[in-house]
Amino acid sequence: EAMGIGAGDEVITSPYTDIGTISAVVFSRALPVFADLDRDSFQLDPDEVEKKINRNTKAIIPVHIGGQPANLERIMAIAAKHNLKVIEDACQAHLTEYQGKKLGTIGDLGCFSFQASKNIACGEGGAVIGNDEALMDKCFTVMNHGTTRGGQHALIGPKYRMNELEAALLLPQLETIKTRHDKRNENAWYMRGKLRDFPGLISQKLYEGTGTSAWWLYMASYRKEKFAGAHRDKFIKALSAEGVNASSYIKYGFHNSDLIRKHILDLKVYRKFYPEERLKKYREELSCPVCDAVCDEEMVTFDIPSAPDRTHLDKIFDAIVKVYENRDKLNSL
């Protein structure tokens, strides 16, 4: 809204994300266009992003999934080439570094979440950051039910103002976030070291230039051919039986969501501002096979604590080894 993106415009983003990313686009009645993933990093594939650009494209929203950086070097270059805005969805990526910069400071705007599960949390809410004062004033105005800092009613906007209780919960966390961040990184790299040569479970690819990370989730690719052909869900079920809180995380990409395939495109505003042939082609191109493979067969996640004791991580690894050693029994679960 602050960037003037609206009906008739298109925004390219990842199908592998939370509904909040998509809501930001559809609330402004722009069209969310999905580019497929890089299979090993689970991030937007820049080659797929460039294929989706047309004359109505106005912005790209890379999602730093799991707290790791998307390939921003390529994405920023593509945006510059096509004169597009970049809005970083860094909601899981507090303090993550990429090529010497903090995520959220590289694109035109950066967005963070303070929802209860995040590394800095107050239950709900978030923040937007940027270094363009005029754009940030517009963001404030939109957030402040369309009212400027000077009290003028200038835009259409919701009421997203933070209250004092939320601020009181957040501010003390800023004093400890770096300590917790550093410990979480130590623990994550300890786990990556243990899994480095493990067959069948490949840790999330990190792009060159990735520094310390939020490690909101530890993500890995499951390869069923190394586990006697057993489906990923059998592997997770076996880990759960060993007391490991493993998950497949996101169940399906938003290119497969009824919200996109049915409800949104049937709204009067979309039929009015988007030509019928564009909506027809849009439906035909709602295909992200890599994302489907990640959701249906490959993604495995578990938590990385910021506690100094690594016993919890050793137990996760021991459970993975036990399941692997008994992989011939997985299909019977």
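I began with H94, which counts as buried because its relative accessibility is 5%; buried means under 20% relative accessible area, exposed over 50% and partly exposed in between, with a 1.4 Å probe and protein chains only. The model is predicted, so I noted that local features need pLDDT of at least 70 and side-chain atom pairs pLDDT 80 or more, while totals for chains, interfaces and linings use all residues. Residues are numbered from 1 along each chain as its sequence is written, and side-chain values use heavy atoms, with hydrogens and water left out.

**H94**

I located H94 in the loop between β4 (85-89) and β5 (97-98); helices (H or I, at least four residues) and strands (E, at least two) are DSSP runs, numbered from the N terminus. I found that its side chain reaches the backbone oxygen of S113 at 2.9 Å. Beyond neighbours within four places in sequence, I listed the contacts of H94 (heavy atoms within 4.5 Å), among them F112, F114, K118, H181 and A214.

**Helix α4**

I then turned to α4 (residues 133-143), where the buried residues are L135, M136, C139, T141 and V142. I noted that their cover includes β7 (109-113) and β8 (126-129). Just after α4, I recorded a positive phi of about 40° for H145.

**Positive phi elsewhere**

Most residues other than glycine have a negative phi. For F42, phi is positive at about 70°, and the residue lies in the loop between β2 and α2 (46-51).

**Helices α6 and α12**

Last, I examined how α6 (residues 177-195) and α12 (residues 311-325) pack: the angle is about 20° and the axes are 10 Å apart. The two helices are therefore roughly parallel, a term for angles under 35 degrees. Axes are lines fitted to C-alpha atoms over the stretch in contact, and angles run from 0 to 180 degrees between N-to-C directions. I noted that the contact is made by N187, Y190, M191, K194 and L195 of α6 with L313, D314, I316, F317 and I320 of α12.

Definitions and conventions: Angles under 35 degrees count as roughly parallel, over 145 as roughly antiparallel, 65 to 115 as roughly perpendicular and the rest as oblique. A polar contact is a pair of N or O atoms within 3.5 Å; within protein, one must be able to donate a hydrogen and the other to accept it, and residues adjacent in sequence count only if both atoms are side-chain atoms.
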